[in-house]
Amino acid sequence: VAGMSYSFSPTSTGFTMSVSGYSDTLQELLTTVLETVTGGTSGGMPVPSLTAARLSILVDTYRTALSNSDLDTPSTQLKSYFPKLLTRTPTYNRTELRAAAAQPFTVTQLQSFVRDVLYPSSRLECMAFGNLSPE
């Protein structure tokens, strides 16, 4: 819809979701995005709706990216590591990541991880600003 947008951006502690638009339709956009992310009004959190074929493609793409990262220039490699060093974010070397990516897992295992580990440890923080009405 014209004049409305949303985006997700990674941060060192999770991700940021931004929504923007006109005040009369912003609540509808925010509700739609949040229901999609959280599984709707049923109260249950969504689990990834992936097929085994799609998961295989995503894993292969990740493995390729890990392999290709060895070919990056030292300055590019440092650029991805340095912010994590400054914020004391846990980091993993490429050997550890490759070993973890080589372990087979199924869509069911991924769904269990999301449902049992990822969502219970998640929290939502919000900040609203701009031309907003109390409704």
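Predicted model: local features only at pLDDT ≥ 70, side-chain atom pairs only at ≥ 80, totals over all residues.
Read along the sequence, the protein follows the pattern β-β-α-α-α-α-α, and its secondary structure accordingly comes to five helices and two strands.

**The protein as a whole**

- Of the 135 residues in the protein, buried residues make up 7%.
- The accessible surface of the protein comes to about 10800 Å², and carbon and sulfur atoms account for 60% of that surface.
- When contacts in the protein between residues at least 6 apart in sequence are considered, 49% of them join residues that are at least 24 apart.

**How helices H2 and H4 meet**

- Two packed helices are described by the angle between their axes and by the distance between those axes.
- Helix H2 covers residues 52-69 and helix H4 covers residues 94-102; the axes of the two helices come within 10 Å and cross at roughly 160°.
- Because angles over 145 degrees count as roughly antiparallel, this crossing makes H2 roughly antiparallel to H4.
- The crossing of H2 and H4 is also left-handed.
- On the side of H2, the contact is made by Val-59, Tyr-62, Arg-63, Leu-66, Ser-67 and Ser-69, while on the side of H4 the contact is made by Arg-94, Leu-97, Arg-98, Ala-101 and Ala-102.

**Ala-101, a residue on the H4 side**

- Ala-101 is found in helix H4, and because its relative accessibility is 10%, which is under the 20% limit, Ala-101 counts as buried.
- Ala-101 and Tyr-62 are 39 residues apart in sequence, yet in space they are 7.9 Å apart, C-alpha to C-alpha.

**Ser-67, a residue on the H2 side**

- Ser-67 lies in helix H2, and with a relative accessible area of 39% Ser-67 is partly exposed, whereas Ala-101 counts as buried.
- The C-alpha atoms of Ser-67 and Arg-98 are separated by 8.1 Å, although the two residues are 31 residues apart along the chain.

**Ser-9, a residue in a strand**

- Ser-9 is found in strand S1, which covers residues 5-11.
- At 34% relative accessibility, Ser-9 counts as partly exposed.
- Leaving aside its neighbours within four places in sequence, Ser-9 is in contact with Gly-14, Phe-15 and Thr-16.

Terms used
Residues numbered from 1 in each chain as written. Heavy atoms only, no water. Axes fitted to C-alpha atoms, helices over the stretch in contact; angles between N-to-C directions. Helix = DSSP H or I, 4+ residues; strand = E, 2+ residues; numbered from the N terminus. Parallel < 35°, antiparallel > 145°, perpendicular 65-115°, else oblique. Left-handed = near helix turned anticlockwise from the far one by under 90°. Contact = heavy atoms within 4.5 Å. Buried < 20%, exposed > 50% of the residue type's maximum accessible area, 1.4 Å probe, protein only. Areas by Shrake-Rupley, 256 points an atom, 1.4 Å probe, with all protein chains shown as cover.
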